[in-house]
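Hi everyone, thanks for making time. I'd like to walk you through a structure that may be new to you, so let's get it up on the screen.

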Amino acid sequence: MAAIGMNLKLYVWRQKSATDKGKLEQYDAKNVSPDMSFLEMLDEVNEDLIKTGKEPIVFDHDCREGICGMCSQVINGIPHGPDDQITVCQLHMRKFKDGDSIFIEPWRSRAFPVLKDLQVDRGALDRIMQAYGYTSAHTGGVPDGNAIPVSKVDADASMDAAACIGCGACVAACPNASASLFTAAKISHLALLPQGAPERAIRVRSMVDQMSEEGFGDCSNHAECEAVCPKGISISSIAMMRREYAKALRHG
Ligand code: SF4
Ligand code: FES
């Protein structure tokens, strides 16, 4: 017997442009399969809107498998929605039940201006990366696996930090709209490796200074960022960023 779909009430943020005031609009999502992804559900709502000559809801997405960090939506007040350590594109409708109301909004932060509907400009995170989120040392060809010794503890911690996909959910969840978790993840994954060591002082100063210039707030240890991060980045990386910054200042 075919499964009976759910009927849901969606309250979606609609905003025509960056300068428009924007407001929540209500839509009915009918006969939604619990096996659909959240974005597939929105695709169907958009199909219905297009059929009736209305503007579809604009939202960002790309990989739809949790690796590009594009799908930035606050669902019922939680960046990436009600499931643990996943992105919106990995969220399934089985997390909701028939008759539910779902509120869908864009990331909210002064540094992430809304472009249209649920789409925000996250270029500020790119500029933090451009400030020094890389190594410029020539590392040659692919080295032998064990040519540069790295302790297992450091290699694992670096790999964990490198899992950050730059989605910006940490900013959206933080009461200060701080990008500290993102910036700290990018700084620590290089600072923990020998390849990142020669430029670690200039890197941390450049990236932290850029973060402030972009208008993000500072961290005051609420840990909301860690709670919503789809990749489980630990706030211990923020402590490491602070230590790196203090060392860089001390040594000029
Ligand atoms: S730290 Fe987590 S929440 Fe923040 S940008 Fe990286 S993956 Fe997204
Ligand atoms: S669409 Fe790529 S992480 Fe969601």
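Let me start with a question: is Tyr11 buried, partly exposed or exposed? Before I answer, keep in mind that what you see is a predicted model. Okay, Tyr11 has a relative accessible area of 24%, so it's partly exposed.

Tyr11 also has a partner. There are four aromatic pairs in the structure, and in one of them the rings of Tyr11 and Phe103 sit with their centres 4.7 Å apart and their planes at 10°, so we call that pair stacked. It joins distant parts of the chain: Tyr11 is in strand E1, Phe103 is in strand E5, and 92 residues separate them. Phe103 is partly exposed too, at 36%.

Another stacked pair is Tyr132 with Tyr134, at 4.9 Å between centres and 15° between planes. Here Tyr132 is buried, with 14% relative accessible area, while Tyr134 comes out partly exposed at 36%.

Now, on to helices. H5, residues 180-191, and H8, residues 236-250, have axes that come within 8 Å and cross at roughly 70°. That angle makes H5 roughly perpendicular to H8, and the crossing is left-handed. Among the residues making the contact are Leu181 and Ile187 of H5, plus Met240 and Met241 of H8. By type, the contact of H5 with H8 has eight nonpolar residues, four polar and one charged.

Last stop: Ala155, which is in helix H3. Ala155 is partly exposed, at 30%.

Technical notes:
Residues are numbered from 1 along each chain as its sequence is written. Chains are lettered from A and ligands numbered from 1 in the order in which they are written. This is a predicted model: local features need pLDDT of at least 70, side-chain atom pairs count only at pLDDT 80 or more; totals for chains, interfaces and linings use all residues. Side-chain values use heavy atoms; hydrogens and water are left out. Axes are lines fitted to C-alpha atoms, for helices over the stretch in contact, and angles run from 0 to 180 degrees between N-to-C directions. Helices (H or I, at least four residues) and strands (E, at least two) are DSSP runs, numbered from the N terminus. Angles under 35 degrees count as roughly parallel, over 145 as roughly antiparallel, 65 to 115 as roughly perpendicular and the rest as oblique. A crossing is left-handed if the near helix is turned anticlockwise from the far one by less than a right angle, and right-handed if clockwise. Contact means heavy atoms within 4.5 Å. Ala, Val, Leu, Ile, Met, Phe, Trp, Tyr, Cys and Pro count as nonpolar, Asp, Glu, Lys and Arg as charged, and the others, Gly among them, as polar. Buried means under 20% relative accessible area, exposed over 50%, partly exposed in between (1.4 Å probe, protein chains only). Rings of Phe, Tyr and Trp (its six-membered ring) pair if their centres lie within 6.5 Å; planes under 30 degrees apart count as stacked, over 60 as edge-to-face and the rest as tilted.
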